[in-house]
Amino acid sequence: MPTSYWVNARRLSPMIIIPVCLSWLGAMANGESAWKVHQAYQGEHCNTVVAADFTGDGLVDLICNSGNVTRLLVAPDWDAVELEAERKLGLIHSETMDVDGDGDPDFIGARYQPGLIFWLECPQQPLKERWRFHLIDDQVIGIHGLLTGDVNLDRRPNLLANSAQPIGPFANSLVWYSTPANVRQAPSWPRHVLARGDAPGLSHYLGLGDVDGDGRPDAASGAKGGPMDKEGLGNWFCWWQAPPDPTGVWKKHVISRDQPGATNIHPADLNGDGQTDFLASRGHGRGVVWFEAPDWKEHTIHPTIHGPHCLVVIDLDGDGDQDAATCAKDDRQVAWFENDGAGAFTTHVIARDQAAYDIRAVDMDGDGDTDLVIAGQASKNVVWCENPLK
């Protein structure tokens with residue numbers, strides 16, 4: 001079985017809308033309201049959130065960016081501590097990893113344009129000391145998605161990002177970064193361009209996993225297209241095959257070209273046949289789908305869900321297969337998609353009146369199951385949904 005390395009419009013006729021709405025209401029009636037929603041922040045537009053034990057007390061904290069301020073939300077009462085207020089950086093996405101190897105999680109943030117990727121160093125006393133700002137890169141433009149994963153198989157996490165804008169030295173590209181040996185003093189990080197100019201059309205997020213079974217992690221992405229894509233080169237999902245030396249250029253493979261609003265794609269074996277499939281969402285359009293290996297036959301998970309801009313693929317019900325979850329920014333609903341193990345999915349709506357650009361899967365309360373953390377852009381909040389399915 002291939003190894004997985006991934007870590008974290010059109011008008012519709014009434015004949016389509018009516019059965020979809022009824023099925024979602026039925027899901028709520030079948031106990032999906034048992035997912036309890038906890039609010040950690042309410043205030044301003046919030047694009048991104050990450051979760052980790054930043055304070056070292058055994059509880060999972062959150063870091064979000066809202067109103068151009070990066071805030072640590074301290075569990076369990078979610079008291080807010082401003083980490084990066086003086087630069088007034090509005091962030092589109094973020095990640096967390098132990099950048100400096102000192103045993104605590106640090107924060108990585110990305111601004112879309114002008115392009116900027118940086119990390120904030122978690123101090124020994126994170127609630128009292130300043131989190132130092134360090135530059136990773138300011139030459140990629142249009143960073144929409146960050147992802148951590150072991151790209152070069154050295155058993156340490158690397159960072160991946162996209163350079164989605166058709167301008168600058170790395171236009172329409174995907175990149176990954178090596179962590180410098182002396183990372184606290186490094187002026188920037190070594191950049192490796194895995195997709196050099198062949199990811200046009202406003203790419204969004206990335207996925208990472210061994211697609212072809214050669215033991216090396218491959219990359220995937222989607223591009224939203226639409227009115228802002230002046231060259232009309234988007235609306236696709238593709239994957240890039242990693243070479244033996246991952247610092248070189250990777251080989252591009254098209255999964256599907258007719259995907260209006262494509263944003264997210266993750267590799268996973270979805271039907272239990274030992275091959276790596278892809279699960280994807282059209283976050284600037286409608287629908288969640290999966291593509292079956294090896295010929296990438298498309299299967300519909302939900303045809304009309306509007307604006308599933310965020311996506312996680314993980315076993316949510318503990319039955320051993322890969323499920324998925326999203327929060328639709330336009331439908332303002334949180335949904336998870338239950339896999340029967342053979343690639344047939346059932347939609348369950350677990351929260352309403354919630355919009356999101358970002359979603360994370362993490363055990364927030366330490367009870368052994370996977371909960372969902374959501375950064376609400378239009379709903380101007382951060383919530384976490386408590387999983388009752390253990």
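Modeller: Strands here are DSSP runs of E with at least two residues, helices are runs of H or I with at least four residues, and both are numbered from the N terminus. This is a predicted model, in which local features need pLDDT of at least 70 and side-chain atom pairs count only at pLDDT 80 or more, whereas totals for chains, interfaces and linings use all residues. Residues are numbered from 1 along each chain as its sequence is written, and side-chain values use heavy atoms, with hydrogens and water left out.

I begin with the cis peptide bonds. One of them joins A75 and P76, with omega at about 5°, and P76 belongs to the loop that runs between β4 (69-74) and β5 (79-84). Another links Q113 to P114, with omega at about -5°, and here P114 sits in the loop between β7 (106-111) and β8 (116-121).

Next come the positive phi angles. R332, although not a glycine, has a positive phi of about 55°, and its place is the loop between β23 (323-328) and β24 (333-339). K380 is likewise not a glycine and has a positive phi of about 55°; this residue is found in the loop between β27 (371-376) and β28 (381-386).

As for accessibility, buried means under 20% relative accessible area, exposed means over 50%, and partly exposed lies in between, using a 1.4 Å probe and protein chains only. R332 has 27% relative accessibility and therefore counts as partly exposed, and K380 is partly exposed because its relative accessible area is 41%.
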